[in-house]
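Colleague: I am new to this and would like to see how the labels follow from the values. Could you show me the model before I ask?

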Amino acid sequence: MFAALTSANPHVDFLAISPEIALIATVMVVLIADMILPERSAWQTSRIASIGVLVSLAWVAVIAFRDPIAPMFGGSYAIDDYALVLKGFFLVATYVTILLSVDYIAEGDYYQGEFYFLLLCSVLGMTVMASARDLITLFVALETISIPTYVLAGYRKHDRRSNEGAIKYYLIGAISSAVMLYGMSMIFGLTGETNLAAISAKIGTLPDSKVLALGVFLSLLGFAFKVSAVPFHWWAPDTYEGAPTPVTAFLSVASKAGGFVAMLNIVFFGFGLQPSLWWLIIWVGAALSMTLGNLSALRQTNIVRMLAYSSVAQGGFMLVPFAAFGLAQSHGDAAVARGAMRSVIVYLLVYGAMNLGAFACIIAVARRTQSGEISSFSGLFQHSPVITVMMTIFLASLAGIPPFAGWFAKFTMFQSIIEAGGGWGVTLGVVAGVNSVIAAYYYLNVVRSMWFRPAADDARPVQVTGALGASLAVCVGLVMVVGVYPSFFGDMAEAAAKVLG
Amino acid sequence: MMLNQFLLLSAFLFGTGIYGVITRKHTVLVLASIELMLVAVNINLVAFGATLNNAVGQVFALFVLAIAAAEVGVGLAIVLLIYRNLRSANPDDVNVLKG
Amino acid sequence: MATGFDAWVLTLTTFTPIVGLALVLLIPKVEEELIKIVTLATTVLTLGFALYVLYYFDYDHTAKLQFEVKKTWIEVINSNYHIGVDGISLPMLVLSAFVTVLCVIYSWNHFPEPHNVKAFLALILLLEVGMNGTFIAQDLILFFIFFEIVLLPMYFMIGVWGGPNREYASIKFFLFTLFGSALMLLAFLAIYFKTGINTFDIPDLIAADKSRITHGVQLIIFGGMFLGFAIKVPMFPFHTWLPDAHTEAPTVGSVLLAAILLKLGTYGFIRIALPILPEAAKSWAPWIGLLAVIGIIYGALGCLAQTDMKRLIAFSSVAHMGYVMLGISSLTAFGINAAVFGMVAHGLITGMLFFIAGSVQHTFHTREMSRLGGLLTQAPKMGWILGFCSMASLGLPGLAGFWGEFPAILSVFQPADGLNVAVFRTYMVIAAIGTVLAAGYLLWMLQKVAFGTPKDEWKDHHIHDVGTAEWIAWLPMLVLILVLGVVPGLMFKTTDDAVKTIVKAFPSTQTAPVKSHEPQAEHGDDAGTEHSEGDGTDHAPAESEHSGG
Amino acid sequence: MKHYWFLDNAWLIPLIPAISYFVILLFGKRFGERAAWIGLASIGSAWVLACGTVVQWISHVNASEHGGEPGGEHGAVETIRAFGRSIKLAAEGASAGGEGHASFVANPIIHSTTWFQNNGFKLDVGIHIDGLAVMMLFVVTTISLLVHFYSTEYLKGDRRFNHYFAALSLFSASMLFLVVASNTLQLLVGWELVGLCSFMLIGHWWEEKPNSNAALKAFLTTRTGDIGLLAGVIMTFFVVQRYTGTGSFDITQVNQAAIGLSLDGNSKSLLFWCAAALLLAIIGKSGQFPLHTWLPDAMAGPTPVSALIHAATMVVAGVYLGARVYPIFHEGLNIGDGGINLMAAVGGATLLVGAGLAFVQNDIKKVLAYSTISQLGYMVMGLGVGAWSAAIFHLFTHAFFKANLFLGAGSVSHSGAHHSFDMKNDMGGLRKFMPKTFATFMIGTAALIGVPLTAGFFSKDEILATASANEYTFFKYVGLLGAVMTAAYMTRCVYLTFFGEYRGGHADHGDAHDSHAAHTADGDDHGHDHGHAASNDHGHDANGGPHESNFPILGPLYFLSFMSIFAGWIFAPMLHHIFHWEIFEKFPLWVDPHVGSRGFPILEHPEFAWIDPILATAAGVVGVTLAYLFYWRKAYGQNITERNGALGAGKKLLVNKYYLDVLYTDVIVGATKGPIAQAAYWVNQNVIDNVLRYTGKGAAGAAKFVYKYIDQKGVDGIYNGSAAGTSALGGLSSKLQTGRLQYYALLVLFLLSAVAFAVVITN
């Protein structure tokens with residue numbers, strides 16, 4: 001077995017990993033720049049970081065136009081459409097996060113260079129995650145994503161809430177990693193493989209084994225933490241509230257997406273042929289996440305906490321296609337499998353755009369009100385109509401109301417589960433449907449504050465800085481364009497899902 | 001090979017780790033307990049690798065070791081931070097955030 | 001497929017308001033006149049496109065989709081940008097474009113608080129996109145999108161410019177509709193997969209063979225659609241959002257809500273639910289009919305209990321839409337024709353009533369009927385218009401309301417084959433009783449508001465009668481109410497063939513004659529009836545199943 | 001067939017007043033009071049056209065009769081037993097009671113054009129002109145013309161003079177539209193428009209609540225009957241469909257289908273229900289018991305309107321409907337078999353009920369209103385006993401003498417009683433002041449009572465005779481009893497109004513003024529537009545005392561008095577019996593449908609027998625005598641109602657109008673408007689809405705529970721319970737205390753092991 005590694009041609013296609021290389025280079029440059037730049041020019045690191053991300057993105061685009069590339073490193077690292085789409089997504093999300101952060105970080109009492117360094121490290125992990133087709137790579141990528149975010153979550157060093165959020169996030173993350181690894185070790189033990197494709201090939205032939213079941217279960221459990229699925233979501237509201245808002249945005253979008261991609265990889269590429277081991281777990285997880293997430297969100301008065309619970313619920317929606325995949329695999333329907341993967345990817349992309357947008361609005365508004373309470377949004381429409389309309393668009397999109405992108409995400413989610421069909425499928429579909437109505441209520445609650453309520457005493461308009469404005473523009477643009485022309489994301493996701501064959 | 005014995009040992013360590021995570025009063029001890037869990041994982045990996053005559057197990061274990069070290073490093077930093085702010089390293093005291 | 005300008009005109013009809021919307025957003029808030037003008041120009045232009053469609057529509061082939069365009073839209077889900085109009089959608093499309101223009105005109109000097117002309121008109125324009133789009137969509141997803149687009153603008157209209165209880169009303173409106181449409185979407189998806197042809201194309205789905213879907217599944221799918229549409233209509237147990245929404249909404253919002261938005265639901269039934277799932281429709285029909293007649297009586301009773309003029313009109317919508325749904329539930333071409341007519345008539349008449357209620361409130365700052373009175377003395381024109389519309393609303397022949405009501409009642413005397421005749425005839429009688437109640441509440445309203453002498457508190461007020469903007473906005477509607485009442489053929493001619501294709505799935509109940517024919521030799525110039533020309537069915541025994549009276 | 005311009009273009013007759021309506025409505029302001037002349041001119045032209053149709057129809061009938069078109073399809077009576085009763089299929093000439101009309105066919109003139117088409121169903125709009133329609137055209141235009149003319153004086157200075165004439169025009173137009181209708185749906189349209197106009201006119205003085213109440217009551221009551229009309233008209237459509245396979249509202253087809261189905265014998269229930277439904281419509285519209293209560297209230301409108309409503313439009317629309325689709329009733333209700341049928345029963349009941357109520361009225365118009373109800377009862381009963389021609393004839397004569405009476409009452413009130421209609425308080429002895437009005441009123445009364453040789457005598461007599469001939473003996477006696485009562489209450493009325501001492505002169509203190517007069521009390525602020533504010537406004541009437549009316553009022557009265565006598569002579573079997581002049585037999589020839597026995601039931605005209613006029617005259621004499629003795633001479637039984645409990649109760653019942661108004665207004669309407677509507681609304685607000693509310697609350701509650709107990713307290717609960725006091729930062733922890741974080745972990749791992757266990761077990 002060791003021979004397999006040694007005998008592999010050590011030739012490495014550097015172009016194929018050029019995005020990662022670009023990121024690593026940027027990480028270096030940022031670190032060095034931070035050391036040599038004077039304090040007042042520290043904001044320049046953000047510019048470097050964003051350029052690096054864009055360069056990396058450009059490489060992704062370049063690769064996308066190349067011929068297909070065979071999996072590298074003994075099949076553990078794939079550069080296919082799936083990986084490229086997700087890499088692109090991570091990079092754009094990171095770019096937007098940087099835009100969000102520039103003023104926030106510069107204005108607060110933060111170390112700027114390190115901030116972008118950590119952010120870039122994390123996104124490096126994400127790009128690797130997109131390509132990871134091996135348990136080891138997957139694990140490494142996951143940790144690369146996570147470890148910098150532990151630090152980022154506690155970035156407001158003197159704020160106890162931030163500390164608290166960070167330690168919770170860290171401990172939960174570390175424990176979940178351990179649990180996940182324990183599960184992976186069992187899978188490795190039973191299949192003798194770490195490569196997901198190889199695992200997939202073997203796993204279907206294995207006899208029903210309690211150990212295998214435990215292994216699959218434990219590794220899924222690890223991901224459940226990462227994606228903050230109920231009942232492993234407790235850390236999320238606390239951590240989100242404690243962390244600096246741009247970090248929260250990053251955590252709730254990119255980091256969560258990292259978890260989902262890891263899950264996609266392991267479920268779709270690894271466990272696909274043993275659906276009976278896991279579909280019910282995911283079904284229950286999805287239903288619980290949607291329902292409990294939404295119900296909890298109803299009670300929130302703090303908008304970040306509300307969005308935290310909302311992201312738990314949105315995670316639930318994203319789990320639905322996994323359940324659909326499991327259900328469909330039981331009848332061995334390949335089209336459904338593709339549809340399910342497509343729908344997860346579409347959901348991730350759309351969710352990223354709208355959630356980042358919502359956070360951008362929150363950051364913009366909070367810069368003036370210094371508050372995260374929903375009531376602080378009262379009467380926003382009267383003095384800051386533009387930001388209000390934008391926030392409304394993002395919230396409506398989160399609620400899944402056409403013509404904003406959210407509807408398409410919800411739609412593909414419904415589509416996957418209805419396509420899987422059967423009593424279980426339809427039931428989950430109906431649960432999701434009812435939940436989307438509940439969700440609308442709390443999103444509209446914010447809308448109501450902004451539009452219908454009288455303004456607070458100081459009715460100064462909200463000032464939007466250039467970077468924030470740019471991030472808003474990107475998000476609004478995506479949400480609107482995808483809303484009316486969903487093929488934009490749909491085709492990407494479709495191409496990505498083709499890797500399932 | 002005595003695979004089962006190794007697995008039992010691993011399970012015992014994992015259980016101990018979980019117990020420690022739950023009961024320890026000091027965050028550093030909690031971190032140590034997590035390390036214990038990771039050790040259990042490593043034993044598993046190595047044992048399986050040896051049984052299957054597959055070096056990947058050992059490779060995996062090395063990765064786990066390396067990353068666990070980094071993780072603990074970050075963890076300790078956070079604990080230190082909290083200790084500075086709270087003069088306490090008791091996880092119980094971390095309860096400002098409450099909905 | 002249409003070519004040239006014809007291929008674009010429907011798209012223009014739908015999306016011109018978007019252009020106007022963009023322009024309006026670019027104009028500074030303080031330039032109110034300019035905003036109004038731009039909005040008006042946009043809606044008039046839109047109406048112009050709609051009229052182009054109306055004019056160049058081929059009335060000899062109303063069943064055929066015209067100005068049809070089919071372009072790839074969302075390939076991954078096989079959803080296309082498929083638009084077109086047939087005889088059913090055409091009147092609704094024109095009505096929508098038409099009413100919007102009038103609403104803009106009416107708004108000219110009737111802006112509810114908190115004013116904000118720019119936002120208000122922008123929302124109207126956005127609303128128009130959704131309304132027009134729904135009526136041209138020939139793809140379920142496209143339909144769904146447009147169906148949903150109207151939600152937000154109306155939500156804001158109620159919530160921002162509404163009455164004291166506006167927050168409750170707006171969220172209620174929103175959540176009700178959203179709930180319905182979520183289930184409707186699930187039903188759409190189910191039909192997509194279950195037919196096995198994986199398409200959202202409405203004509204294709206109608207043509208598709210549904211035999212592989214079991215009856216039970218069809219029933220469930222229809223149920224999903226039913227919920228979505230019935231909430232929008234709204235039918236009896238789902239109607240509670242309506243009075244609140246109407247009562248709180250600003251005048252223009254109420255008008256648009258009554259005139260167009262409610263029609264989206266009934267239109268959905270006719271366009272989608274019935275033709276795609278005829279078998280299920282047949283099983284559901286008695287229940288739809290039941291809810292419809294309950295709605296008729298219940299809405300009327302609700303009206304009688306009101307003291308608020310606008311709320312009364314709102315409840316009357318429940319009753320009137322009951323007639324529309326009753327016509328649909330008969331599953332006969334006759335009934336569905338009546339339903340389409342009823343939709344347009346109700347749009348015009350109730351829209352007008354809401355306009356008047358709005359002006360009354362604008363003038364008197366109250367809608368409490370006990371505080372009003374003597375409108376005919378103080379503002380005789382408005383009073384007479386109110387009388388005219390009340391008469392139209394209670395179904396006076398010669399005005400539009402009658403042609404939605406009477407044929408609907410007629411159609412249920414003999415519903416489509418396979419439906420229980422006795423049950424539907426009971427509905428007929430109940431619906432007929434509803435007409436008396438309708439006369440009751442409308443005349444009582446008229447008496448309280450228009451008759452009598454002005455109350456003391458208004459005695460010394462100078463009351464403005466109908467103003468210029470109001471005349472311009474109202475006159476076309478009043479004329480249309482009259483014209484459609486006198487020449488209902490205008491509508492029936494348009495809808496007839498299209499409706500016939502829809503009910504093709506329901507074998508029509510043409511009773512074989514008892515006697516072959518009684519030649520009408522006596523009066524040759526009577527256009528007379530078509531006789532079955534001695535085709536063997538002549539002496540067939542009369543069907544026994546219809547012998548009940 | 002020869003073309004008859006007037007008949008072919010009869011559609012102009014309703015059209016002209018309709019145009020006039022719009023002209024007055026839109027441009028009336030410019031014309032001021034001259035607007036009345038527009039209305040007058042339009043109805044005048046319509047009248048001319050109607051006269052043209054009369055002439056041409058007569059010539060059409062004559063042409064048909066004398067070798068025009070071939071006769072009926074059968075030479076001899078053929079009787080088919082179907083459904084337990086005989087249906088005669090015959091050429092009417094061979095069997096029709098020896099009246100001597102040869103069997104011939106005079107087809108109605110039918111022109112129609114497609115109104116609209118709706119799935120295999122084509123609705124035509126057109127004209128169906130036959131004898132019945134021509135007769136009605138004549139009556140309606142005549143009465144309407146007179147009323148228009150009369151109103152120019154009567155309504156002079158009214159605050160809504162133009163509106164009044166506009167509405168009058170529309171009223172006439174609607175009625176004429178109804179009359180010429182070629183199908184039942186068109187008829188329904190006209191019917192509803194008539195209702196609308198009556199609403200407008202009854203409520204003409206809508207400032208006062210009682211007037212608008214009366215208008216509402218009229219509209220709603222007739223609308224209740226319209227439930228039947230809707231259902232009935234719908235069923236006519238299906239009657240035809242059942243018969244020919246294609247539904248139609250066409251009147252000819254409906255009639256043929258009714259007879260055809262009846263012959264066929266297996267659609268009896270459809271016919272029955274159709275007839276019953278339409279009968280309900282008649283009950284509502286024609287003021288039949290028990291829906292007659294709106295009619296007296298409708299007196300709230302201006303008096304000329306009352307005349308129009310009661311004589312020529314509105315109320316006779318019901319009778320006209322009954323005559324129009326008579327085969328439906330005939331076959332559906334088994335008319336002609338001698339048993340009691342619904343239609344006859346309703347008519348008979350109405351006849352007596354109305355007459356009884358007329359006794360206790362103090363308002364002269366209400367006496368006349370109840371008399372109308374009673375006379376309509378005659379007509380409906382006539383239809384119900386198979387006396388089609390007689391009923392229509394009664395409609396014809398009644399139109400004239402009742403218009404005469406109403407306009408006379410108006411004249412009395414206008415010029416003699418300070419716009420009051422209270423006989424007891426404001427009238428009496430007026431014969432001296434207004435002899436011309438008195439004379440015309442007496443002629444009208446004579447006709448109503450049925451004094452021999454007056455119009456009413458012949459028409460009423462013919463109904464009773466036919467009833468008798470058709471073996472409806474019971475209804476014959478009902479009719480006779482009605483005649484006694486009619487004679488009696490009219491005697492009372494005439495006595496109170498024209499004889500005795502003048503009791504007026506204190507009009508403004510009268511306690512029973514009708515609303516018209518009541519308006520004068522508070523009419524000062526409308527003085528500029530209301531000429532009736534004081535009776536001495538008229539200029540020619542400076543002394544304010546009772547005086548004779550002027551020409552616009554008297555002219556119509558003269559004409560109507562003339563018609564009240566001589567209109568009856570075109571269907572006077574008695575005179576024919578004596579003189580054998582053809583003119584005395586023309587009415588049935590001209591009006592009866594000559595469409596063959598498959599198009600209309602055979603109408604039988606009984607042989608003249610002296611017993612009938614004698615009985616009727618005797619009834620009249622008895623009635624007059626009794627009333628004369630009781631009211632005039634006070635010869636007997638004065639105050640008997642106070643002395644005798646039973647009679648007192650009877651009177652109370654009458655005064656309270658059999659409590660029907662209480663039942664309708666307070667019980668049915670009150671309950672619907674009040675408790676039932678409130679209950680429905682309560683259900684709406686508290687039940688249906690609460691489903692939503694509680695769903696919402698439930699969701700909110702669930703959210704609260706989930707968030708508080710599962711999400712937050714799931715951990716915290718244990719924590720707080722075990723270490724409630726140790727929340728202070730940096731505090732020492734108790735032995736049981738564990739950190740929140742660790743509780744997370746504990747809970748998670750507990751769940752983990754549980755699920756793991758489950759997974760392991762299940763796999």
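Colleague: How do you know that α12 and α18 of chain C come within reach of each other, and at what angle do they cross?

Modeller: The axes of α12 (residues 278-304) and α18 (residues 421-449) of chain C come within 9 Å and cross at roughly 20 degrees. Axes are lines fitted to C-alpha atoms, for helices over the stretch in contact, and angles run from 0 to 180 degrees between N-to-C directions. Helices here are DSSP runs of H or I with at least four residues, strands are runs of E with at least two, and both are numbered from the N terminus. This is a predicted model, in which local features need pLDDT of at least 70 and side-chain atom pairs count only at pLDDT 80 or more, while totals for chains, interfaces and linings use all residues. Residues are numbered from 1 along each chain as its sequence is written, and chains are lettered from A and ligands numbered from 1 in the order in which they are written.

Colleague: Why are α12(C) and α18(C) called roughly parallel?

Modeller: Angles under 35 degrees count as roughly parallel, over 145 as roughly antiparallel, 65 to 115 as roughly perpendicular and the rest as oblique. The crossing is at roughly 20 degrees, and α12(C) and α18(C) are therefore roughly parallel. Among the residues making the contact are C:Gly289 and C:Val293 of α12(C), and C:Tyr427 and C:Gly434 of α18(C). Two residues are in contact if their C-beta atoms, placed from the backbone, lie within 7 Å.

Colleague: What makes α4(A) and α14(A) roughly parallel?

Modeller: In chain A, α4 (residues 81-107) and α14 (residues 334-369) pack at about 5 degrees, with their axes 11 Å apart. By the cut-off of 35 degrees, α4(A) and α14(A) are therefore roughly parallel. Residues that meet include A:Phe89 and A:Val96 from α4(A), and A:Leu348 and A:Phe359 from α14(A).

Colleague: Why is A:Thr94 called buried?

Modeller: A residue is buried if 20 or more other C-beta atoms lie within 10 Å of its own, exposed if 12 or fewer, and partly exposed in between, with C-beta atoms placed from the backbone. A:Thr94 has 28 within 10 Å, so A:Thr94 is buried. A:Thr94 belongs to helix α4 of chain A. Neighbours within four places in sequence aside, its contacts are A:Val53, A:Leu119, A:Val123 and A:Ala254.

Colleague: How do you know that chain A is as compact as a globular protein of that length?

Modeller: Chain A has 20 helices and zero strands. Its radius of gyration is 22 Å, close to the 23 Å that the globule rule gives for 501 residues, so chain A is as compact as a globular protein of that length. The radius is taken over C-alpha atoms, and the rule is 2.2 Å times the number of residues to the power 0.38. Buried residues make up 70% of chain A.

Colleague: What share of chain B is buried?

Modeller: Of its 99 residues, 44% are buried. Chain B has three helices and zero strands.
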